[in-house]
Amino acid sequence: MKTAVHTPAAVAAMVAADDRENERAAFWMLVPPPARVVVMMVARMPRERANDPLWKFSDEERRYINGALTVLSSHLDIAARCMSDAPPATKAALH
């Protein structure tokens, strides 16, 4: 899996206009490829889609991925608490 490396300066150049969608697309490419693969796996989408630019995802796919990210974030928070000296969560919403 070969992906381009984008620096913050490259992202700034990509976002010359004040276009929020271009900004989102640029920052999507800043997410490390392994993290994007995990997101696709949680969303039950093909891992190859992790290399797709943001504009290739439909609105429905983006909503589904966003929901998967919310669930993943909750699970990662619980896992982080388990690995640290933080008190365990008293409430957890596992899906």
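## The largest pocket

Of the residues lining the largest pocket, the largest share, 4 residues, comes from α4, helices being DSSP runs of H or I with at least four residues and strands runs of E with at least two, numbered from the N terminus. The model is a predicted one, in which local features need pLDDT of at least 70 and side-chain atom pairs count only at pLDDT 80 or more, while totals for chains, interfaces and linings use all residues. Residues are numbered from 1 along each chain as its sequence is written, and side-chain values use heavy atoms, with hydrogens and water left out.

The lining consists of Trp28, Leu54, Phe57, Arg62, Ile65, Asn66 and Leu69; a pocket here is an open set of points on a 1 Å grid over the protein atoms alone, where a 1.4 Å probe fits, with protein on both sides within 12 Å along at least five of seven lines, and lining residues have an atom within 4 Å of a point. By class the lining has 5 nonpolar, 1 polar and 1 charged residues, where Ala, Val, Leu, Ile, Met, Phe, Trp, Tyr, Cys and Pro count as nonpolar, Asp, Glu, Lys and Arg as charged, and the others, Gly among them, as polar. The volume of the largest pocket is about 150 Å³, taken as the space filled by probe spheres set on grid points that are joined across faces, edges and corners.

## Overall fold

The protein chain has 4 helices and 0 strands, and its elements run α-α-α-α from the N terminus on. Of its 95 residues, 20% are buried, that is, under 20% relative accessible area, with exposed meaning over 50% and partly exposed in between (1.4 Å probe, protein chains only). Among the contacts (heavy atoms within 4.5 Å) with a separation of 6 or more, 38% join residues 24 or more positions apart.

## The nonpolar core

The largest nonpolar core has 12 residues, namely Ala25, Trp28, Val37, Val39, Met40, Ala43, Met45, Ala50, Leu54, Phe57, Ile65 and Ala68; such a core is a set of buried Ala, Val, Leu, Ile, Met, Phe, Trp, Tyr and Cys residues joined through side-chain atoms within 4.5 Å. Two or more of these residues are given by each of α2 (20–30), α3 (33–42) and α4 (59–83), and the largest share, 3 residues, comes from α3. Phe57, a member of this core, is in contact with Trp28, Met40, Met45, Arg49, Asp52, Arg62 and Ile65, leaving aside its neighbours within four places in sequence.

In α2, the buried residues are Ala25, Ala26 and Trp28. They cover an arc of only 155° around the axis, which puts them on the same side of α2, the arc being that of the directions from the helix axis to the C-beta atoms.

In α3, Arg36, Val37, Val39 and Met40 are buried. Because these fall within an arc of 160° seen down the axis of α3, they line one face of the helix; what covers them includes α2 and α4.

Arg44, in the loop between α3 and α4, has a positive phi near 55° although the residue is other than glycine, and counts as exposed at 73% relative accessibility. Glu61 lies in helix α4 and is partly exposed, with a relative accessible area of 23%. Leaving aside neighbours within four places in sequence, Glu61 is in contact with Met45, Arg49 and Lys56; Glu61 and Met45 are 16 residues apart in sequence and 9.2 Å apart in space, C-alpha to C-alpha.
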